[in-house]
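Hello,

Here is the structure I promised to pass on to you. Have a look at it first, and my notes on what turned up follow below.

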Amino acid sequence: MRIIVAAVGKLKRGPEQELAERYRERAIKSGRVLGVRSLEVIEIAESRARDAARRMLEESIALATVIPKGAATVLLDPRGEAVDSGGFAGQLRVWNDAARDTVFVIGGPDGLAPTLYDQADLRLAFGPLTWPHQLVRIMLLEQIYRAVTILVGHPYHRD
């Protein structure tokens, strides 16, 4: 399985980028046993359109172009489903067992176009709070790493 995190915006050099990269590398290393071939982060440039609706549309079109055909698509959405780490790992296992690539989509500040919501397999929330996009990316990569370690049988402190 190939995992892609597609996000609007770029992480600047510094501690956030270093932490995100650390979790990405850990997930790849731990996931090899499961058949995780790669965990790629694709950064989409923020739209410069003046109108919020136009920005959302342009960013959503750019995000849609990086989603492979047949991939499981997960949108990060504050109105989405809040799942625990075990449930997240279980869903990742389903997609891995089905040999589906999995794409996690992090939109820009203006949100995502309805067409992306229509094709999503899951809308995932990290709670009702508003999080900076940089932190969402780090939290997502940490949860992917945690899910992989759960799936390979690493002791999980909540069991």
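**Salt bridges**

Let me begin with Asp 110, which counts as partly exposed because its relative accessibility is 30%; here buried means under 20% relative accessible area, exposed over 50%, and partly exposed in between, with a 1.4 Å probe and protein chains only. Before going further, please note that this is a predicted model, where local features need pLDDT of at least 70, side-chain atom pairs count only at pLDDT 80 or more, and totals for chains, interfaces and linings use all residues. Residues are numbered from 1 along each chain as its sequence is written, and side-chain values use heavy atoms, with hydrogens and water left out.

The side chain of Asp 110 meets that of Arg 55 in a salt bridge, at 2.7 Å from N to O. The term stands for a side-chain nitrogen of Lys or Arg within 4 Å of a carboxyl oxygen of Asp or Glu. This pair links distant parts of the chain, with Arg 55 in helix H2 (residues 52–64) and Asp 110 in the loop between S4 and helix H4 (114–119), 55 residues apart. Helices (H or I, at least four residues) and strands (E, at least two) are DSSP runs, numbered from the N terminus.

How many salt bridges does the structure hold? There are 10. Another one joins the side chains of Asp 101 and Arg 2, at 3.2 Å from N to O. Asp 101 lies in the loop between H3 and S4 and Arg 2 in strand S1 (residues 2–8), so this pair ties together parts that are 99 residues apart in sequence. Asp 101 counts as buried, at 16% relative accessibility, while Arg 2 is partly exposed at 24%.

A further salt bridge is made by the side chains of Arg 123 and Asp 77, at 2.6 Å from N to O. Here too the pair links distant parts of the chain: Arg 123 is in strand S5 and Asp 77 in strand S3, 46 residues apart. Arg 123 is partly exposed, with 33% relative accessibility, and Asp 77 is buried, with 2%. Salt bridges that share partners also join Arg 2, Arg 37 and Asp 101 into one network.

**Helices and what they pack against**

Helix H1 (residues 15–31) has 17 residues and reaches 24 Å from its first C-alpha to its last, close to the 24 Å expected at 1.5 Å a residue. The expected span is 1.5 Å times one less than the number of residues. Which residues of H1 are buried? They are Ala 20, Tyr 23, Ala 27, Ile 28 and Gly 31. Seen down the axis of H1, these buried residues fall within an arc of 135 degrees, so they line one face of the helix; the arc is that of the directions from the helix axis to the C-beta atoms. The buried residues of H1 pack against strand S2 (38–44) and H5, where contact means heavy atoms within 4.5 Å. On the face turned away from the buried side, H1 carries the exposed residues Pro 15, Glu 18 and Lys 29.

Leu 34 sits in the loop between H1 and S2 and is partly exposed, at 24% relative accessibility. Leaving aside neighbours within four places in sequence, Leu 34 is in contact with Asn 96, Val 148, Leu 151 and Val 152.

H5 has 19 residues and reaches 27 Å from its first C-alpha to its last, close to the 27 Å expected at 1.5 Å a residue. Just after H5, Gly 153 takes a positive phi of about 95 degrees.

**One more residue to look at**

Most residues other than glycine have a negative phi. Ala 99 is not a glycine, yet has a positive phi of about 55 degrees. Ala 99 lies in the loop between H3 and S4 and is exposed, with a relative accessible area of 62%.

Best wishes
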